[in-house]
Structure formats: structure tokens, C-alpha cells
Amino acid sequence: MTEALDELFLFGEEKMEKTINQLHKEFGSVRSGRANPLILDKVVVDYYGAPTPLRQMSQVTVQDGTTLVITPYDKSIIKEIEKGIIKAEIGITPNSDGICIRLPFPPLTEERRRDIVKDVKKMGEDAKVAIRNIRRDMTDDLKKIEKSENLPEDAVKDNQDKIQKLTDKYTGIIDKSVSDKEKEVMTV
């Protein structure tokens, strides 16, 4: 195999891996009825005029599986943290005692669980579309390599099969991830 083909497959697989990582990151911010600190990743707090991610300015712990406890390093910013949580619209109302903030995760209704599963499936489908776009780009690049290096027809066919196998591998990972997340959300 030529160097250009090696690069094609290396680059394509790297992009597919990034797509999977992004999907898992998105799944981390999905409420499943359990307290998950990743839901706070999109919370930004105005810290002395600078927008700062909440998790950089506080310790976040899970208490009894259904409550997040946020303990800021600087107690004077508790009100700002509460404002940031409300502004992020994560669907949980913060409770402060002046020392720490508690985020109780209420149990999800059956209807809300189904809505969340729909969102999870959409995220999975979007990731599959991204994988198929990467496959298309790889196939286009393969055609360019075929012309520039005069590859034999059987070598092109073999490489197209390898591209499809790579695509199948990553869409399978997406399907399993979606299924796992669906089970997590639907488990009461």
C-alpha cells in the first residue's frame, strides 16, 4: 500500500474516532435521572467579569446518586454560580445553604424518559451521518489517489471495501452507544 493510502486510512479513522468521542461527550450532558457532573460542563459563571466554567471554580461531588453538591473554592461567588446554573437551563433548580449548592435530580417521568431517548437517538443518527460523510470524503480521496498513482482496479476495490468495513465498525459503535444510553435513561 502506498504512503498516500496509509495516510488516507489513518486520517479517516482519526476523524471517525473524534466523532465517537464527541457523541460520548454529548451523551454525558444528557439527564438520565442520576446525578452526573458532566451536565455542568455547559455552565459558565461570571467570575469577576470573566466567563469561567463552573467546574474550574468548584468541587463537584455526587451525593446519594441523585444529588450533585457544588462546593466553590471561593464562597463569595455562590450567588453567581446559582445565576450561571439557572442561565444554563439544565432543568434543575439550585439550592444553596451559603457554603455549598445542591442540585437534586428529580426522578424522570416516563414521558420525559421517552423524549430523552428520542434526543439520544437523534444524536446517534447525527453521528452516523458524520461517519458517512467521512466515508464519502475518503472515497473521493481514494479516487484522486487512484488517478495520481495509477492504482489497479482490484486495489481500488479492496480499499473501497476497507473504507466500508471501517464505516461499519464505527456505525456499530454508535449503535451500541445509543442502545446503552437508552437503557440507562429508561432504567428507573
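**Ground rules.** I number residues from 1 along each chain as its sequence is written, and side-chain values use heavy atoms, with hydrogens and water left out. Because the model is predicted, local features need pLDDT of at least 70 and side-chain atom pairs count only at pLDDT 80 or more, while totals for chains, interfaces and linings use all residues.

**Helices.** I took helices as DSSP runs (H or I, at least four residues), numbered from the N terminus. My axes are lines fitted to C-alpha atoms over the stretch in contact, with angles from 0 to 180 degrees between N-to-C directions.

I looked up H1 (residues 3-28) against H3: their axes come within 10 Å and cross at roughly 170 degrees. That makes H1 roughly antiparallel to H3 (angles over 145 degrees count as such). Their contact has 16 nonpolar, 3 polar and 6 charged residues. Here Asp, Glu, Lys and Arg are charged, Ala, Val, Leu, Ile, Met, Phe, Trp, Tyr, Cys and Pro nonpolar, and the others, Gly among them, polar.

Next came H3 (residues 110-149) and H4 (residues 153-186), whose axes come within 10 Å and cross at roughly 170 degrees. H3 is therefore roughly antiparallel to H4. I noted 15 nonpolar, 7 polar and 10 charged residues in this contact.

**Charge over a ring.** I found the charged end of Lys 162 over the ring of Phe 9, 4.8 Å from its centre (the rule wants NZ of Lys or CZ of Arg within 6 Å of the ring centre and within 35 degrees of the ring normal).

Notes: Helix = DSSP H or I, 4+ residues; strand = E, 2+ residues; numbered from the N terminus. Parallel < 35°, antiparallel > 145°, perpendicular 65-115°, else oblique.
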